[in-house]
Structures are given as C-alpha cells and as structure tokens.
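Here's a walk through one protein chain, from its overall build down to a few single residues. Keep the sequence and the 3D view open while you read.

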Amino acid sequence: MTLLLISLAVLIGGYFIYGLLVEKVFGVDPARLTPALTKTDGVDYVALPTWKVFLIQFLNIAGLGPIIGAIMGVMFGPAAFIWIVAGTIFGGAVHDFISAMMSIRSGGDSLPELVGRELGPAVKQTMRWFSILLLVLVAAVFVLTPSALLVKMSPDWAGPLFWTLVIFGYYMLATLVPVDKLIGRFYPIFGFALLFMAVGLLWVLLTGGHHIPDGFTEGLQTRRADEVAVFPMMFVSIACGAISGFHATQSPMMARCLKNEKLARPVFYGSMVAEGIVALIWAAAAITFTGGYAELGDYLSANAAADLVNDISMGWLGTVGGLLALLGVVAAPITTGDTALRSARLIVSDMFHVDQSKLAKRLLVSVPIFAAAAALMMIDYSILWRYFAWCNQTLSVFTLWAATVYLARHNRAYVITLVPAIFMTVVVITYILFAPQPEGFGLGIAYATGIGVLVAAIFTALFARYLILLRRGAIVHNVAY
C-alpha cells in the first residue's frame, strides 16, 4: 500500500514540479495565437473546450497500454513500478508535451514534418512511411483486441467477424467526419468511463483492506516464469504507461484544437501523467486481485489478460460499476484505433499537400489507408503486437532526438530530451538485437547491449557536432517557428 501511495504522489508531484520546469524550458507564450484560431477549417482545425481536448488526448494515447500492458508488464516485478513513474515524468510526458508544442508552433504540422524539419529530409521521408506503418499497425491491433472483449460480452450470434466489421466500419467513419462531430462529442464520455474505472479500483485498493504484494524486499529481478530479462524487454513491453512514440502522432491532432499555449501542459503533460496513474493502479490491482506475482503468472498462463480485466472490474466494482469500467476498457482501444487512422490521413495529406476540407479529398487519402489496415488484420495477432511494440518505441527515439535538436536550436535546456533520447536509443537497438528470432536477431545480451550503447554514443557524437556547427554559425535553419 505504501508503495502505491508514494508512486501516485510522485507522479502527481512530477506534473506540478517537473512539468512546470519543462513548460518554462520550452517557453510557452499565452499571447501567441494557436493553429485552432489561425487555421480554422471546421474539419481538423477546430477550437474545442480544454476539458474535451484533455479527455480526447487521454483517450487517444491510452488504448489498452496502461491496462493490458500494465497487467502483462508487472510480471517483470517491482521494477515495473519504478519504470512507470520515472518513465512517465522524465520520458513520456516530456515527449508528448514537446512534440505537441512543436506542432503548435509550426501551425499544426504532423509528426514526420516536425522530425524532418529538425533531422533532415532523408529522416523526414523515413518518418513519413514509418509513422504511417505504425498507425496502420495500431488500427489493426486495436480492431482485434476490443473485438475479442466484446465477443465475451455478447450473445452467440455476435461473433468475432461481426464485431471486427462493426469496429472497422466505425473507424472509417471517425476518420472522415469533422473532429467535433463524433470525436468531440462522444470521446469525453468514454474518457470519463476510463477515469471512473481507475478511481473505482484505487478506492477498492485503499479501503478494501487489501495487501499489495509489491515484492521490493525480494529484489528487482523479473518475476516471469520464462525469466525474460528486465532490460531491455520491460522498457518495450510497458510503453503507453511510461513512454510511447505513438503518442507523438496523436499530439499534433489535438494541437490543432487547443485554444491557448498555456493549456498545453495540463492537456499533454497532464494526460500522460493520468495514463501513468491508470497503469500504476492496474499493475497494483492485478497482483493484489490474484494474490501475488506467482499467482498472477499462473492466471495469465491459463487465461487472457482481458479475462482478468473482466474479473477485476466485476469482482471489485459490482455489476453497474463493472459495466461502466468495462465500457472504458472497450472504448479505450477503439478510440485509439480510429484516431490512429485519422492521424495517418493527416500525415498523408501533409505529405502530398492534399486539402482536407472536402469529403471527396479525405476519401481519396483514406481509402488506401483503410485497405492497408484491413490487410494487416489478416496477419497473426501475436506477430502484429510484437512488431507494433518495437516500432512504437523506435518512433519515440526519432521524436526525442528531433525535440533535442529543436531545443538546442532555440537555445533551450535540451538535456530534458537528450537524456531520454539516449536511453531509449539503447533500449530499442538492444531489444531488436536481443529478441529471439524471427522477431529479432537473437544475439546475447552483452553483445546486444554493447551495440546499443555504441549506436547511442554515435548519435550523441553527431548531436555534439551539430552543436559545434550551430554555435559557429555554420548551420542556418530557414524556419523561425
């Protein structure tokens, strides 16, 4: 219990202390007009109330990461709690806030344009296709996951194919209609349901006389039966509850709806902290409900994580509360999947300079994206998830390095993004080299880590060279945002 309370206090304190520092480092200007006011088009650039922007951003980035991801990730042991707290405050929230502010300052540009502006045209082209791949992967993964959850709650006639078609049809609609017509109206309700679920579970944990077996006294080693190493595997497995590259594809979408720059910290840094809190609560609930790490491992070896979500929700919150909680759990991946496709549409339209004010042009951009997502759904889900997880964290590396260059170029304290950029570079390189074949290359952990550190050192040296050239005036950027 003490661990959970301390972790929650540190997360909340991180928002008010480190979040404020990050805000000051960037240099938020409340007097500067935002794209929602200067580029209003009634489709994507629409000024929305701040509370709606927060709930939409929270729901967009949450998915099932802080729920299913936390349940699976906590099997790495108490190190998972440390990563959720530290990763959120110093990595994920900074990543989400800076990428959103960069988009606001550039008129609402999507992520590949932002990264390419800082890291060069070759990286821009790579980022465009890499981002689209990740977003289509997200959509495919987050059709299949909620479909499986809904099947468990439905009569026999409503099987997996039925729910897959329904969800994908909804994705197509949400991708095409103006942001305030569907997303702006219904997502706050789903966001409330997801937050209600978290608050309800926290109340049970705090008042139900439960013992939370955090396991710190037994050390930080993994609790997984297969003894998979904490590093680097945990840092890819627990993504949305700590740091996730996918979030940076979502931040520009809501950056186009924010009324004032002073609201960016509550919306973007705050929604990531809220996600970290949800992840903490679900991690604690999983080991508490089952009785410990060993018991959780036995449960997961016999059942899906979604079954545990259902058991905890119904067992602790009752029928009404459990149904509302499950509404949030089902809505979370659906609302992440559809905004992933919407973000893909925005990236493609930015890439080819296709105006999106007319439905016909939105269809022109969207139909190939829909076809790609449908094709990916034919691939085995476990394969999709593994590659999504690595692509997701790799995207965060691109974003963090671009943010570091941006801050350096504006003579800001770039260390706030440099440190997580170096760390995540080591993580993603080590992961893909260490992961067993065919997912990775199956190298020994020592070799994989050594190469990961070497690559991070090369990137750092290139950045140091950039700083030298920048200070000498040898590099001139033709953008002033």
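## Ground rules

Let's start with a word we'll need a lot: a residue is buried if its relative accessible area is under 20%, exposed if over 50%, and partly exposed in between, using a 1.4 Å probe and protein chains only. Take Q250 as an example: it's buried, with a relative accessible area of 0%.

The model is predicted, so to speak of local features we need pLDDT of at least 70, and side-chain atom pairs count only at pLDDT 80 or more, while totals for chains, interfaces and linings use all residues. Residues are numbered from 1 along each chain as its sequence is written, and side-chain values use heavy atoms, leaving out hydrogens and water.

## The whole chain

What is the secondary structure made of? The protein chain comes to 19 helices and zero strands. (Helices are DSSP runs of H or I with at least four residues, strands are runs of E with at least two, and both are numbered from the N terminus.) Of the 481 residues, 61% count as buried.

The C-alpha trace spans about 60 × 50 × 45 Å along its principal axes. With 481 residues, a compact globule would have a radius of gyration near 23 Å, and this chain's 21 Å agrees with that. (That radius is taken over C-alpha atoms, and the globule rule is 2.2 Å times the number of residues to the power 0.38.) Now for contacts, meaning heavy atoms within 4.5 Å: among those with a separation of 6 or more, 82% are between residues 24 or more positions apart.

For a pair that sits apart both ways, look at L364 and T207: they're 157 residues apart in sequence and 54 Å apart in space, C-alpha to C-alpha. L364 belongs to helix α16, and its 60% relative accessibility makes it exposed.

## An enclosed helix

Helix α12 covers residues 246–255, and ten of its ten residues are buried, so the rest of the structure largely encloses it. Among them are F246, H247, P252 and M254.

Q250 is found in this helix too. Which residues does Q250 touch, leaving aside its neighbours within four places in sequence? They are Q57, N60, I61, L135, T339, A340 and S343. The side chain of Q250 also makes a polar contact with the side chain of T249, at 3.2 Å. (A polar contact is a pair of N or O atoms within 3.5 Å; within protein, one must be able to donate a hydrogen and the other to accept it, and residues adjacent in sequence count only if both atoms are side-chain atoms.)

## A buried loop residue

Is T222 buried or exposed? At 16% relative accessibility, T222 counts as buried, and you'll find it in the loop between α10 (183–207) and α11 (230–237).

Its side chain reaches the backbone nitrogen of R224 at 3.1 Å. A polar atom of the T222 side chain also lies 3.4 Å from the backbone oxygen of V228. Beyond its neighbours within four places in sequence, T222 is in contact with M75, F76, E227, V228 and V230.

## The second largest pocket

Rolling a probe the size of a water molecule over the atoms shows where empty space is left. On a 1 Å grid over the protein atoms alone, a pocket is an open set of points with protein on both sides within 12 Å along at least five of seven lines, and lining residues have an atom within 4 Å of a point; a cavity is a set where a 1.4 Å probe fits but cannot get out. Grid points are joined across faces, edges and corners, and a volume is the space filled by probe spheres set on the points.

About 430 Å³ of space lies in the second largest pocket. Of its 19 lining residues, the closest to the centre are L119, V123, W401, F459 and L462. The elements giving two or more residues to this lining are α7 (111–119), α17 (381–409), α18 (415–434) and α19 (445–472). The largest share, seven residues, comes from α19. By class, the lining has 15 nonpolar, two polar and two charged residues. (Nonpolar covers Ala, Val, Leu, Ile, Met, Phe, Trp, Tyr, Cys and Pro; charged covers Asp, Glu, Lys and Arg; the others, Gly among them, are polar.)

Most residues other than glycine have a negative phi, and most peptide bonds are trans. Here, the peptide bond from F231 to P232 is cis, with omega near 5°, and P232 lies in helix α11.

H353 has a positive phi of about 55° although it is not a glycine. H353 sits in the loop between α15 (305–352) and α16 (359–376) and, at 70% relative accessibility, is exposed. N411, in the loop between α17 and α18, has a phi near 60°, which is positive in a residue other than glycine. At 74% relative accessibility, N411 counts as exposed.
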